[in-house]
Amino acid sequence: MTDNQIEILRNKVNQIQAITNDQWLSSLEDRKKKELEFHNKDRDPDFVEEANKDQDTFEKFYGNKKYYQTTKLSVDYIDHWIEKNSRDKICLDYACGNGIYAFKMAKSNPKLVLGLDISDISINNCVRISKEENLDQDTLFFQSDCENTMLPDSSIDVLICSGMLHHLDLTKAFPEMLRILKPGGKVLAIEALDYNPAIKLYRMLTPDMRTEWEKAHILSLKDIKYAKEFFEIGQVKYWHVTSYIAGKFPSLLKILNLLDSILTKIPLIRLMAWIFTFELIKPKEES
């Protein structure tokens, strides 16, 4: 992408940022408004601060955080993927939340990093963090709809989607991702996997941590099959068949990671993984 094309993309993002809040809300269906409200509350710094002061409130809304401390193996893989694929690329953190992956991409020598999210509080958090970390020249954040991003056709080289596809209608999200990706462009998706009965039970017992749509749309391999209608499928990997147990028993993490290195290679057993990652690749145009 030339400097002129990057400037055109920046100008397009500026146009999206100029949409008023009333215009934005009027464009959203009820399902999406509920997602916006949920994530605004979940990422509100004041609410997080208050929750950290009260153990019961923290457990109710953020009690799953301890399990994410057991995910070093998948995090290392994702970090390596970002470092390998982001250099000199136009990158998008799709449903960026507080921008964890946008900032990782921004530190991997891209041409430009974009981050979009339905939550205006998330975007405000990202803008603030980007300034604090002196990354605001390399990153642009804007409130938008993942199913209708308003970005130009074939404008993105690399797209990261972490834990958000199950918040979306894939019949709309996959075509939109395909539209904005350049030919040969790559997606790395990081998602929970909907097979482990113990994890499914945990989701049922912690309803305040999720929206109703989210609980009903955890991904499975049927969604990979559906993705084949739009993309070539790259590497699919499975993570954390047992390591999440270390969220309760931290001293077991090393042993459980070793066990997972074996279990994730066994075809049926690996379906009990908590998380899986998969690459989606836009086919290159025929000459």
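Modeller: We will go through the sheet, one of its strands, and then the cysteines. This is a predicted model, where local features need pLDDT of at least 70, side-chain atom pairs count only at pLDDT 80 or more, and totals for chains, interfaces and linings use all residues. Residues are numbered from 1 along each chain as its sequence is written, and side-chain values use heavy atoms, with hydrogens and water left out.

Colleague: Thanks! What is the order of the strands in the open sheet?

Modeller: Strands here are DSSP runs (E, at least two residues) and helices are runs of H or I with at least four residues, numbered from the N terminus. Two strands pair if DSSP finds at least two bridges between them. The open sheet has seven strands in the order β3-β2-β1-β4-β5-β7-β6, with mixed pairing. At its edges are β3 and β6 (232-239), each pairing on one side only.

Colleague: Which strands show the parallel sense, and which the antiparallel sense?

Modeller: β2 (residues 112-117) and β3 are parallel, with five bridges; leucine 114 has leucine 140 of β3 as its bridge partner. By contrast, β5 (residues 181-192) and β7 (residues 275-281) run antiparallel over seven bridges, and there lysine 186 stands opposite isoleucine 281 in β7.

Colleague: What lies between β2 and β3 in the β-α-β unit?

Modeller: Helix α9 (residues 120-132) does, and the unit is right-handed. To check the hand, let the strands point away from you: the path from the first strand over the helix to the second then runs clockwise.

Colleague: Next, side chains. Is β3 largely enclosed or open?

Modeller: In a regular strand the side chains alternate between the two faces of the sheet. Here Thr139, Phe141 and Gln143 point one way from β3, while Leu140 and Phe142 point the other way. Five of the five residues of β3 (residues 139-143) are buried (under 20% relative accessible area, with a 1.4 Å probe and protein chains only), so the strand is largely enclosed by the rest of the structure.

Colleague: How many disulfides does the whole structure have?

Modeller: A disulfide is a covalent bond between the sulfur atoms of two cysteines. The search (cysteine sulfur atoms within 2.5 Å) finds zero disulfides in the whole structure.

How values were computed
Buried < 20%, exposed > 50% of the residue type's maximum accessible area, 1.4 Å probe, protein only.
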